[in-house]
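Please keep the sequence and the structure open while reading.

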Amino acid sequence: MQTNPASPPYSSLVAVGDSFTEGMSDLLPDGSYRGWADVLAARMAARTPSFRYANLAVRGKLIGQIVDEQVDRAAAMNADVVTLVGGLNDTLRPKCDMGRVKGLLTEAVERLAPSCRQLVLMRSPGRQGPVLERFRPRMEELFACVEELAAKHGAVVVDLYGAPALGDPRLWDVDRLHLTAEGHRRVAEAVWQTLGYEPEDTEWRVPMAATPPPGWVTRRVADARFARQHLLPWIGRRLTGRSSGDGRTGAHFSAELGKAFWVTPADHTNPGPVTDWRRVGP
């Protein structure tokens, strides 16, 4: 694939956040996650020689942990593009101080915006159902803060919350918290277009074709499976103060060196589909 002269000349990308950006639940055969940030990076790399990418996001992280563990590391990389998505895990906690959450998000933006050419923020998608309705006021308060920060600091906002297609339960994994591979693909397309690239899918917002709803028995079996495999463990972690991200670092962070590192396509001299990455630099 040849470089599109109209494409923005972005040569590096750093992704910061929680499980949404880490890529759950876009599971690969080897047990790792891909996710929208990886899909986006592969597209950008196919158009820019020597493109570099780092994903520092970790599942379960609250906005305070993102600020403490990821923001300075991302800022030090001086990437062309930085994506920041965080705060939703906080809104799902029974006791959530929204003033503190917005203050920490503000701190993150103030530290990241000067370090990159383009900061990307998001109004995250919400799965249709009672969970969204329960926490909608907090989410919308968070998203209003995102819009204000973007306007103040020159960031762009990817509006996934305003895309009804992404609320379709069929685009969400059985844990009801994370997108499927198709959901992540649509998010990558949304960010891609927001950054000014030529659309590859002009219909990413279009809802999936209607299918007959599952029967009552099928729904109850799915509910039982969800409660056993995901809801009860999640409640257990909340009660004991644990997180699914405990002990984890981002995919492109070296615990041994205490530094983030870049990856680049294994064959970075050949524009086209990216099939593999190799580590470069500290």
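## A pair within one helix

Glu107 and Arg111 are 4 residues apart in helix α5, so about one helical turn separates them. Helices here are DSSP runs of H or I with at least four residues, strands are runs of E with at least two, and both are numbered from the N terminus. The two side chains form a salt bridge, with 2.4 Å from N to O. A salt bridge is a side-chain nitrogen of Lys or Arg within 4 Å of a carboxyl oxygen of Asp or Glu.

Glu107 is partly exposed at 31% relative accessibility. Arg111 is partly exposed as well, at 28%. The classes are buried (under 20% relative accessible area), exposed (over 50%) and partly exposed (in between), with a 1.4 Å probe and protein chains only.

## Basis of the values

The model is predicted: local features need pLDDT of at least 70, side-chain atom pairs count only at pLDDT 80 or more, and totals for chains, interfaces and linings use all residues. Residue numbers start from 1 along each chain as its sequence is written, and side-chain values use heavy atoms, leaving out hydrogens and water.

Asp80 sits in the loop between α3 (63-76) and β3 (81-85), and Arg117 in the loop between α5 (98-112) and β4 (118-123), so the pair ties together parts 37 residues apart in sequence. Asp80 is buried, at 11% relative accessibility. Arg117 is partly exposed, at 49%.

## Further salt bridges

Arg34 pairs with Asp26 in a salt bridge, the closest N and O atoms being 3.1 Å apart. Arg34 is partly exposed at 34% relative accessibility. Asp26 is buried, with a relative accessible area of 2%.

Salt bridges also link Arg43, Arg47, Glu189 and Glu200 in a network. The count of salt bridges in the model comes to 18.

## The whole protein

The protein has 8 helices and 9 strands. Of its 282 residues, 49% count as buried. Its accessible surface is about 13700 Å², and carbon and sulfur atoms hold 54% of that. Areas come from the Shrake-Rupley method with a 1.4 Å probe; for residues, only the protein chains shown count as cover.

Among contacts (heavy atoms within 4.5 Å) with a separation of 6 or more, 72% join residues 24 or more positions apart.
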